[in-house]
Structure formats: structure tokens, C-alpha cells
Amino acid sequence: MIEQKDMKEYTIETLAEKLDTEFRVKETVDPAMSRFVPMVYDPIDYDWKSEFEPEFTQYFNGLMITAEEDLPVGKIWLLSFLNDYMLEDVLEKSSKGDMIFAHHPVQMECGDPREGKEWGKGFIPINPEIIKRIKEKGLSIYTCHAPLDAGSISGLGTNESLIKMIGAKQIDQYMEYAHGYAARICEVPKQTVQELIERLEIPNLDYIDIKGNKDLDREITKVAIIPGGGGNVRDIQPAEGFGTEVVITGQATCRIAGERGERENKALQEFYPQTKMTLIGLSHAGSEYPVMEDIAKWFKEKFQIEAEAIPENSWWR
Ligand SMILES: [Fe+2]
Ligand SMILES: [Fe+2]
């Protein structure tokens with residue numbers, strides 16, 4: 001006898017409604033994406049206000065593109081950023097009715113902190129041609145930015161996933177963001193910095209950027225987590241006030257080309273010899289990838305929908 005699982009079918013609207021509640025999407029006008037979406041799409045004359053869902057253009061989170069036909073959601077593909085080359089990959093592998101879940105509604109080039117490597121362009125628009133093909137294929141896109149950094153009702157979040165990965169316990173937080181905070185202060189069982197680094201398993205991450213205190217053999221118990229963030233002294237320095245010994249973040253270095261990036265980088269270079277903390281950079285997108293795997297698991301368990309998180313093949317780009 002073939003066992004029939006009790007499979008509920010969700011249309012994109014019914015699923016999006018559940019996601020809006022889980023991620024508390026309508027409590028916030030995204031403080032970052034409400035600036036970055038116009039910043040990247042206006043200069044290329046892309047009419048994002050009419051191309052993206054009306055509610056998305058209000059909150060800058062939630063359902064961004066809706067498949068025209070009312071099909072049950074097939075498979076969910078999860079990405080940190082909607083980078084063109086990854087969308088090309090999803091376009092190839094997906095079927096009509098599938099959904100893309102992403103943390104950011106844009107592309108990102110954070111640059112490579114290694115000596116002599118190219119600096120990144122920062123946030124950039126998705127190629128409009130690719131957006132058109134996504135619509136034509138009947139895929140939907142749902143994005144969730146600041147509310148995911150603050151953490152969801154069931155405890156899904158960019159911070160929560162890293163906390164779980166290193167076996168930490170949150171004791172404080174700072175940097176107010178959406179309905180919560182973007183940076184967390186945690187305790188970990190006594191271990192060396194090197195041992196902590198070994199717990200940070202990001203698929204395909206070929207380089208970890210270590211700045212500040214380079215004594216990796218010392219024992220520590222207090223860690224700050226700022227997923228996706230860093231890249232400037234403002235985000236990182238307040239961690240010192242909590243007695244933090246190690247900061248795990250996206251960018252321990254700033255490698256965004258341009259006047260602002262150079263200024264942030266200069267301030268960071270001056271900060272490294274002054275701080276007792278070790279700063280660990282996992283790349284912007286890499287530090288925000290573990291939550292994609294956790295949400296994929298949640299989609300499968302809670303909704304019985306097939307889901308797959310896709311890591312970048314090169315995080316430092
Ligand atoms: Fe984030
Ligand atoms: Fe981010």
C-alpha cells in the first residue's frame with residue numbers, strides 16, 4: 001500500500017500570508033531596503049514601483065513578485081542575495097509555481113578582503129531581463145530583510161542561526177532594528193578563538209577574514225554576533241562595552257569601492273590595533289546563509305513543501 005502523507009497545498013497568497021505573520025513583516029518599513037531598492041533601481045530607470053508587488057513597495061519586505069496563475073507552491077529556493085548568476089541557476093532548475101525566498105531584494109558585491117583583490121560594488125540591481133524571465137516562467141519571489149535580522153516568532157533569524165551553530169546563549173543585544181535588534185551578545189562554553197572559528201561552517205567559504213586581536217589560542221567566553229553587518233566601526237565598536245572578546249560578522253574589513261567605503265576602511269584600519277577583540281568576517285552573504293538552511297528545514301517540516309537553500313559558489317565577490 002502506498003502511504004499518502006497529509007499534504008496541504010498552499011497557493012502563493014496563502015503561504016505569503018503565513019510568512020508575513022511568522023516574520024512580522026508588516027510591523028516594519030525596512031530601514032535599509034526602503035533606501036537601497038530606490039538607490040539601485042532608480043538610476044537604471046527600472047520602474048520598480050509597478051514591477052514589484054504594491055505591498056512590497058510599501059514595506060520593502062514580503063511578496064515582491066507573484067506568479068500570475070494561482071498554482072500551489074511547488075518548491076522553495078532559498079538565497080541570501082538575489083544575485084543574477086544564482087537566479088539564472090534557479091531559472092534553469094525550477095518549475096512553474098516555485099517560489100524564491102531571499103534575505104535581500106537586490107544583488108550584493110561585498111568585495112574580497114584579501115590583498116590585491118578587487119573591491120565590490122556594494123548593493124546592485126537584479127538585471128531587469130532576469131526579473132522578466134522569472135515572471136514569464138511563473139515563479140514568485142518573497143524577501144525578508146530587517147525582520148529576519150530581528151528574528152521571527154518561531155525563532156528563525158540570521159542571528160539565531162549563528163547562535164545555534166556555535167552553541168551560544170544570548171545574554172544581551174544592541175543596534176535596534178525592525179521589531180528587535182541586529183546585534184547579539186552571547187556566552188559560549190570556554191574555548192579558544194581557533195576552536196570557535198572551527199564551528200563556523202559555511203559551505204564553499206574559502207577564506208575567513210580575521211582582524212584585530214590575532215591571538216587565536218587564548219580562551220574566550222563572550223562573543224558578539226552581527227550577521228551581514230560590520231564593514232564599519234559604528235557596528236562593531238559598541239560590542240566592546242559588553243566585554244565582548246570575539247565579534248562574528250559579515251565584514252571585518254570594508255571593501256566596497258567608493259569614497260564612503262574608503263573612509264569606513266580607514267577607520268577600521270585604525271581600530272584594529274586599538275581593540276582587544278578578534279573580528280571574524282565571514283562575508284556579508286556567507287554570514288547570512290545558515291538561516292537559509294534553517295528556513296528550508298522549517299518549510300519542509302511545517303508546510304511539507306520541498307525547499308533547498310543554495311550557497312554562493314564564491315562568497316567574496
Ligand atoms: Fe541581515
Ligand atoms: Fe544583509
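**Chat about a two-domain model**

Me: How is the protein chain divided into domains?
Reply: There's domain 1, made of 12-149 + 289-309, and domain 2, covering 158-284. Keep in mind that this is a predicted model.

Me: OK, and what distance separates the centres of domain 1 and domain 2?
Reply: 25 Å, taken over C-alpha atoms.

Me: How many residues are in contact between them?
Reply: On the domain 1 side it's 22 residues, and they are in contact with 23 residues of domain 2.

Me: Which elements give two or more residues to the domain 1 side?
Reply: Those are helix 7 (146-150) and helix 13 (290-303). Helix 7 provides the largest share of that side, four residues.

Me: And how do the residues on that side divide: nonpolar, polar, charged?
Reply: Eleven are nonpolar, seven are charged and four are polar.

Me: Switching topic. How many helices and strands does the protein chain have?
Reply: You get 13 helices and 13 strands. The radius of gyration is 20 Å, close to the 20 Å that the globule rule gives for 317 residues, so the chain is as compact as a globular protein of that length.

Me: What does the C-alpha trace span along its principal axes?
Reply: About 55 × 55 × 35 Å.

Me: What percentage of the residues count as buried?
Reply: 49% of the 317 residues do. As for contacts with a separation of 6 or more, 72% of them are between residues 24 or more positions apart.

Me: Let's zoom in on helix 1. Which residues are buried there?
Reply: Helix 1 runs over residues 12-22, and its buried residues are I12, L15, A16, L19 and D20. They sit on the same side of helix 1, because the arc they cover around the axis is only 140°.

Me: Why do residues three or four places apart point the same way in an α-helix?
Reply: An α-helix has 3.6 residues a turn, so residues with that spacing point the same way.

Me: Back to helix 1: what covers its buried residues?
Reply: The cover includes three strands: strand 1 (62-65), strand 3 (99-102) and strand 6 (140-143).

Me: Which exposed residues are on the face turned away from the buried side?
Reply: K18 and T21 are the exposed residues carried on that face of helix 1.

Me: Last one: which residue with a positive phi follows helix 1?
Reply: That's R24, with phi near 55°.

Note on methods. Residues numbered from 1 in each chain as written. Chains lettered and ligands numbered in written order. Predicted model: local features only at pLDDT ≥ 70, side-chain atom pairs only at ≥ 80, totals over all residues. Buried ≥ 20, exposed ≤ 12 C-beta atoms within 10 Å, placed from the backbone. Arc of directions from axis to C-beta. Contact = placed C-beta atoms within 7 Å. Rg over C-alpha atoms; globule rule 2.2 N^0.38 Å. Domains from an automatic or database assignment. Nonpolar A, V, L, I, M, F, W, Y, C, P; charged D, E, K, R; others polar.
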